[in-house]
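Please keep the sequence and the 3D view at hand while reading.

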Amino acid sequence: MAIDDLPPLRAVIAEHGLSARKALGQNFLLDLNLTAKIARAAGDLTGADVLEVGPGPGGLTRGLLASGARRVLAVEKDARCLPALAQIAAAYPGRLEVIEGDALDIDPLDHLTPPYKVVANLPYNVGTELLIRWLTPESWPPAWSSLTLMFQREVAERIVAQPGSKAYGRLAILAQWRADAQIALTLPPEAFTPPPKVSSAVVHLTALPEPRYPADPAVLERVVARAFNQRRKMLRAALKGLAPDIEDRLRAAGIAPTERAEQVPLEAFCALARTLS
Ligand code: SAM
């Protein structure tokens with residue numbers, strides 16, 4: 001079933017000569033039922049302001065607009081995509097604003113009313129950097145209420161990982177400290193044109209009104225970075241430089257000094273950050 005009256009994406013790509021460029025992380029989604037499904041993974045979009053990074057030929061953009069988003073701000077680095085996106089803007093008057101530029105340089109608050117939702121099939125080369133920025137704003141709660149983001153599956157698994165798994169690390173702690181995070185759907189390489197080498201997954205993160213456990217963000221960041229930089233070492237060795245009495249502080253946080261970072265739950269890392277603040 002068609003989600004709108006615009007031409008199929010293959011025709012759009014042919015009309016505008018949008019051959020995919022690897023340097024821009026271009027793996028396009030051409031199945032509009034799939035992009036509508038990703039839009040649904042973002043929850044009820046009726047009346048919502050949405051930031052989309054990297055709309056490309058606009059498959060996900062169309063899914064977002066057809067799902068009832070009040071306003072979509074789409075930031076695209078590749079100028080070749082702009083005419084295709086202009087056609088979508090014309091079909092949804094006043095609801096789509098397209099900015100040509102680098103998402104790393106743009107402040108969505110100049111264009112959207114918070115809290116906005118972020119929905120994107122991210123370019124893999126800047127995906128993790130953007131996620132870390134969204135998770136570490138100057139104050140909490142952030143300007144966004146949810147992030148619905150496509151990543152390489154391996155990155156998605158690191159975001160939702162639990163203690164005791166190889167995927168558990170800095171990204172899991174950063175994400176789960178201030179958000180609920182879950183994998184909403186996984187996609188095989190063939191879902192994209194051209195197909196990437198690996199599978200992908202959509203992660204849905206909802207911002208918590210306040211961090212799950214109290215801790216100073218800078219201290220928690222420092223502790224977690226050190227702990228996982230040397231993840232095979234016992235924490236008393238990995239964290240030695242943080243405080244002369246680090247073993248006592250670990251014990252005060254309920255962590256055995258002989259444990260490794262991979263075993264330590266988020267709550268205990270926060271307790272340790274508090275003893276070091
Ligand atoms: N959303 C489209 C889709 O699902 O078919 C395209 C997704 S493609 C994986 C990533 C898109 O991000 C490309 O259109 C690419 O040109 C764009 N892009 C790459 N780096 C960017 C950046 N720094 N800022 C904004 N867009 C970027």
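A residue is called buried when its relative accessible area is under 20%, exposed when over 50%, and partly exposed in between, with a 1.4 Å probe and protein chains only. Helices (H or I, at least four residues) and strands (E, at least two) are DSSP runs, numbered from the N terminus. This is a predicted model, in which local features need pLDDT of at least 70 and side-chain atom pairs count only at pLDDT 80 or more, while totals for chains, interfaces and linings use all residues. Residues are numbered from 1 along each chain as its sequence is written, and side-chain values use heavy atoms, with hydrogens and water left out.

Helix H7 (170-178) is largely enclosed by the rest of the structure, because eight of its nine residues are buried. Those buried residues of H7 are Leu171, Ala172, Ile173, Leu174, Ala175, Gln176, Trp177 and Arg178. With contact taken as heavy atoms within 4.5 Å, the cover over the buried residues of H7 includes helix H5 (124-135), H6, E7, strand E9 (200-207), H8 and helix H11 (266-276).

**Nonpolar cores**

In soluble globular proteins, nonpolar side chains tend to be buried together. A nonpolar core is here a set of buried Ala, Val, Leu, Ile, Met, Phe, Trp, Tyr and Cys residues joined through side-chain atoms within 4.5 Å. The largest nonpolar core has 35 residues, and Val50, Leu64 and Leu187 are those with the most contacts inside it. Two or more residues of this core come from each of helix H1 (9-16), strand E1 (28-29), helix H2 (32-41), helix H3 (59-66), strand E3 (71-76), H4 and strand E7 (179-187). With five residues, H2 gives the most to this core. Another core, of 31 residues, lies apart from it and has Val53, Ile99, Leu112 and Val155 among its members. When neighbours within four places in sequence are left aside, the contacts of Val50 include Leu64, Ala69, Val72, Leu73 and Val119.

**Aromatic pairs**

Rings of Phe, Tyr and Trp (its six-membered ring) pair if their centres lie within 6.5 Å, and planes under 30 degrees apart count as stacked, over 60 as edge-to-face and the rest as tilted.

| Pair | Centre to centre | Angle between planes | Arrangement |
|---|---|---|---|
| Trp140 and Trp144 | 5.7 Å | 85° | edge-to-face |
| Tyr168 and Phe228 | 5.8 Å | 85° | edge-to-face |

Because Tyr168 lies in the loop between helix H6 (153-160) and H7 while Phe228 lies in helix H8 (residues 217-229), their pair ties together parts that are 60 residues apart in sequence. Both Tyr168 and Phe228 are buried, and ring pairs link Tyr168, Phe228 and Phe269 into a cluster. In the tryptophan pair, Trp140 counts as buried at 16% relative accessibility, and Trp144 is buried with a relative accessible area of 3%.

**The largest cavity**

A cavity is, on a 1 Å grid over the protein atoms alone, a set of points where a 1.4 Å probe fits but cannot get out, and lining residues have an atom within 4 Å of a point. Grid points are joined across faces, edges and corners, and a volume is the space filled by probe spheres set on the points. By this rule there is one cavity of 30 Å³ or more, and about 40 Å³ of space lies in the largest cavity. Leu6, Pro7, Val12, Pro57, Arg62, Ala84, Gln87 and Ile88 line the largest cavity, and helix H4 (residues 82-91) provides the largest share of that lining, three residues.

**Loops and cis bonds**

The peptide bond from Pro114 to Pro115 is cis, with omega near -5°, and Pro115 lies in the loop between strand E4 (96-100) and strand E5 (116-121). A cis peptide bond also runs from Thr193 to Pro194, with omega near -10°, where Pro194 lies in the loop between strand E8 (192-193) and E9.

Gly164, found in the loop between H6 and H7, counts as partly exposed at 47% relative accessibility. Gly164 and Val264 are 100 residues apart in sequence and 8.0 Å apart in space, C-alpha to C-alpha.

Note on methods
1 Å grid on protein atoms, 1.4 Å probe; cavity = no way out; pocket = protein on both sides within 12 Å on 5 of 7 lines; lining within 4 Å.
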